[in-house]
Amino acid sequence: MTVPILRQLTDLRAKHATWIRAGETVAVVPTMGALHAGHLSLVKAASAACDRVIVTIFINPRQFNNAADLASYPRTEHEDAAKLVGLGVDVIYVPDGGQIYPDGYSTNVSVSGVSDVLEGEFRPGHFDGVATVVAKLFLQTGAHRAYFGQKDYQQLMVVKRMARDLDIPIEVIGCPTVREASGLAMSSRNLRLSPEGLDRAATLYQVMQQVAARLTGGESLGPLADEARDKLASVGFADIEYFDLRCEDQLQLLQRPTRPARLLVAAWMDGIRLIDNIEVKELKA
Ligand code: AMP
């Protein structure tokens, strides 16, 4: 058994029309492939809630601000298709580049505010690329619901804002981060870590959990972040780009979790950039 792969928008639209005529609900799970259990959890959530599921696989050049990162991004279409068998996926949409950015393509979707900090600061242009491709995928698939991982928490906020601002009639749903047994957040980029790097990278989640607990206990971020950076450097994290506490909706900086908040981190291990975030429970009164 295989899941059909469509590469042309006209074919996708034809399928979609039959589903809509039958009154069915359609979900989309946008990915860049190299599928792992994190992606599959989104697919399972989608097929539990909707009649039809489209998984998209498109390595979007516009969201890479580093040519080497784009060139070395894993491309595993065959394996990806095999992993989706039996999960209730109706179609895998792998658009040819021309389906997304045809000759003369000139439109950019840019979400200000929530895109400007964190990843936006360290990866200029990244969220314009994300917002643009996701807007196109929402419009091309005509899905009623879209499933995204909280692993990329800021991306989830950007996509929600974009859909609301552009009146795209789609419900954007955030699903919990899936982790390795070690606690390391699953990521396609983990494939590029050495076995030893994988072990050392697991410290990130442990440190984040300790900091989150101490924040909820009343300590403020400044000294905790210094301690955390030292600890991470001692296990081999080369560059900790941010280690921030931010409110969960607007992503404004906080020193203490006086409102619903998240701890968000980006750091380099073995030349690989890793990001993670966790919820921080509100300060005990
Ligand atoms: P990507 O292929 O990296 O663009 O990711 C596609 C979708 O999978 C995004 O919505 C990600 O947030 C989500 N995702 C990636 N890793 C995980 C994970 N470990 N747990 C849950 N969702 C994830």
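**Figure 1. Polar contacts between the ligand and the protein backbone.** Start at Met32, where a backbone N or O atom lies 2.9 Å from an oxygen atom of the ligand. The model you are looking at is predicted. At Val178, a backbone N or O atom sits 2.8 Å from a nitrogen atom of the ligand. Met186 also takes part: one of its polar backbone atoms is 2.8 Å from a nitrogen atom of the ligand. On its own the ligand would expose 480 Å², and the protein buries 92% of that.

**Figure 2. The shell of residues around the ligand.** Let's step back and look at the surroundings. The ligand is surrounded by 17 residues, and the closest are Met32, Gly149, Asp152, Val178 and Met186. By type, the shell holds eight nonpolar, seven polar and two charged residues. Which elements each supply at least two residues of this shell? They are strand S2 (26–31), helix H2 (37–49) and strand S5 (145–149). H2 gives the largest share, three residues.

**Figure 3. Helix H2 and what covers it.** Which residues of H2 are buried? Gly38, His39, Leu40, Leu42, Val43 and Ala46 are. The cover over the buried residues of H2 includes S2, strand S3 (52–57), helix H4 (77–83), S5 and strand S6 (171–175).

Figure 4. Is H7 mostly covered or mostly open? It is mostly covered, with 14 of its 16 residues buried. After H7 comes Gly142, which has a positive phi, near 60°.

**Figure 5. Asn277 and its neighbours.** Find strand S9 (residues 272–280), which contains Asn277. Asn277 has a relative accessible area of 2%, so this residue is buried. Its side chain reaches the backbone oxygen of Lys151 at 3.1 Å. The side chain of Asn277 also makes a polar contact of 2.7 Å with the side chain of Arg262. Leaving aside residues up to four places away in sequence, Asn277 touches several others, among them Gln150, Asp152, Tyr153, Arg179, Met208, Leu263 and Leu264.

**Figure 6. Glu219 in the loop between two helices.** Look between helix H10 (203–216) and helix H11 (221–234) to find the loop that holds Glu219. Is Glu219 buried, exposed or partly exposed? Its relative accessibility is 34%, so Glu219 counts as partly exposed. The side chains of Glu219 and Arg214 are joined by a polar contact of 2.9 Å. Not counting residues up to four places away in sequence, Glu219 touches Arg214, Leu224, Gln255 and Arg256. For a sense of scale, Glu219 and Ala22 are 56 Å apart in space, C-alpha to C-alpha, and 197 residues apart in sequence.

**Figure 7. Thr203 in helix H10.** Our last stop is Thr203, which is found in H10. With a relative accessibility of 10%, Thr203 falls under the 20% cut-off, so Thr203 counts as buried. Apart from residues up to four places away in sequence, Thr203 touches Lys231, Leu232 and Val235.

Methods: Residues numbered from 1 in each chain as written. Predicted model: local features only at pLDDT ≥ 70, side-chain atom pairs only at ≥ 80, totals over all residues. Heavy atoms only, no water. Near = heavy atom within 4 Å. Polar contact = N/O pair within 3.5 Å; in protein donor to acceptor, adjacent residues only side chain to side chain. Areas by Shrake-Rupley, 256 points an atom, 1.4 Å probe, with all protein chains shown as cover. Helix = DSSP H or I, 4+ residues; strand = E, 2+ residues; numbered from the N terminus. Nonpolar A, V, L, I, M, F, W, Y, C, P; charged D, E, K, R; others polar. Buried < 20%, exposed > 50% of the residue type's maximum accessible area, 1.4 Å probe, protein only. Contact = heavy atoms within 4.5 Å.
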